[in-house]
Amino acid sequence: MKVKILLCILLALGVLIISCQNDESIEFKRYYTSGSLVYQSHCQNCHGSQGEGLKGLIPPLSDTSFMRSNLTRLPCIIKNGLKGKIEIDHRSFEGEMAKIDLNPMELAQVITYVNNSFGNQLGMTGYEEVITDLNTCR
């Protein structure tokens, strides 16, 4: 009988904890989880499973300051590719990143994933933000 009561209390606490998550937290987790799948399908082959890049050829995705200072450019970089010299993590990279044909929601998801993985903690990038950013691509 005591075990049943204890189990009921634990179940009630579990339901309470789950129901206490706010909509923002739930949406972030959806974006992050979906972004992980997009990353695995489209980015991991070049940037690595841990965002480590490939020596002097492909930049890492762990430079939080680069990510933060380029938040509004990231959708354009991913969607349209990148050519030329860039500096990431105090190292220069010169080459070409191919265009990746992702829709705005997939872009928001993968950016949210990358910006909160590999040592980064930059929060969620929403669908509307990506739409706005894509309209400013050069």
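1. Basis of the note. The model is predicted, so that local features require a pLDDT of at least 70 and side-chain atom pairs a pLDDT of 80 or more, while totals for chains, interfaces and linings use all residues. Residues are numbered from 1 along each chain as its sequence is written, and side-chain values use heavy atoms, with hydrogens and water left out.

2. Helix α2. Helices (H or I, at least four residues) and strands (E, at least two) are DSSP runs numbered from the N terminus. Helix α2 covers residues 23–42. With 20 residues, α2 reaches 28 Å from its first C-alpha to its last, close to the 28 Å expected at 1.5 Å a residue; the expected span is 1.5 Å times one less than the number of residues. Buried means under 20% relative accessible area, exposed over 50%, and partly exposed in between, for a 1.4 Å probe and protein chains only. Tyr 31, Gly 35, Ser 36, Val 38 and Tyr 39 of α2 are buried. The cover over the buried residues of α2 includes α3 (44–47), α6 and α7, where contact means heavy atoms within 4.5 Å.

3. Nonpolar core. A nonpolar core is a set of buried Ala, Val, Leu, Ile, Met, Phe, Trp, Tyr and Cys residues joined through side-chain atoms within 4.5 Å. The largest such core has 25 residues, of which Tyr 39, Met 67, Ile 78, Leu 102, Val 110 and Val 114 touch the most other members. Two or more residues each come from α2, α4, α5, β1 (82–88) and α6. Helix α6 supplies the largest share, six residues. In soluble globular proteins, nonpolar side chains tend to be buried together.

4. Surroundings of Leu 102. Leaving aside residues up to four places away in sequence, Leu 102 touches Val 38, His 42, Ile 78, Lys 79, Leu 107 and Val 110.

5. Aromatic pairs. Rings of Phe, Tyr and Trp (its six-membered ring) pair if their centres lie within 6.5 Å; planes under 30 degrees apart count as stacked, over 60 as edge-to-face and the rest as tilted. Five aromatic pairs are found by this rule. Tyr 32 and Tyr 113 make a tilted pair, 5.0 Å centre to centre with 50 degrees between the planes. This pair links distant parts of the chain, with Tyr 32 in α2 and Tyr 113 in α6, 81 residues apart. Tyr 32 is partly exposed at a relative accessible area of 27%, whereas Tyr 113 is buried at 11%. The rings of Tyr 39 and Phe 118 have centres 5.5 Å apart and planes at 50 degrees, so this pair is tilted. Tyr 39 belongs to α2 and Phe 118 to the loop between α6 and α7 (127–134), 79 residues apart. Both Tyr 39 and Phe 118 are buried. Ring pairs join Phe 28, Tyr 32, Tyr 39, Tyr 113 and Phe 118 into a cluster.

6. Thr 64. This residue is placed in helix α4 (residues 64–69). Its side chain meets that of Asn 120 in a polar contact of 2.6 Å. A polar contact is a pair of N or O atoms within 3.5 Å; within protein, one must be able to donate a hydrogen and the other to accept it, and residues adjacent in sequence count only if both atoms are side-chain atoms. Not counting residues up to four places away in sequence, Thr 64 touches Gly 119, Asn 120 and Leu 122.

7. Salt bridges. There are two salt bridges in the structure, each being a side-chain nitrogen of Lys or Arg within 4 Å of a carboxyl oxygen of Asp or Glu. In one, the closest N and O atoms of Lys 79 and Asp 101 are 3.4 Å apart. Lys 79 lies in α5 (residues 74–80) and Asp 101 in the loop between β2 (91–97) and α6 (104–114), so the pair ties together parts 22 residues apart in sequence. Lys 79 is partly exposed at 25% relative accessible area, and Asp 101 is exposed at 68%. Arg 91 and Asp 89 form a salt bridge at 3.9 Å, N to O.

8. Most residues other than glycine have a negative phi. Asp 89, however, has a positive phi of about 55 degrees, and His 90 has a positive phi near 65 degrees. Asp 89 is partly exposed at 35% relative accessibility, whereas His 90 is exposed at 74%.
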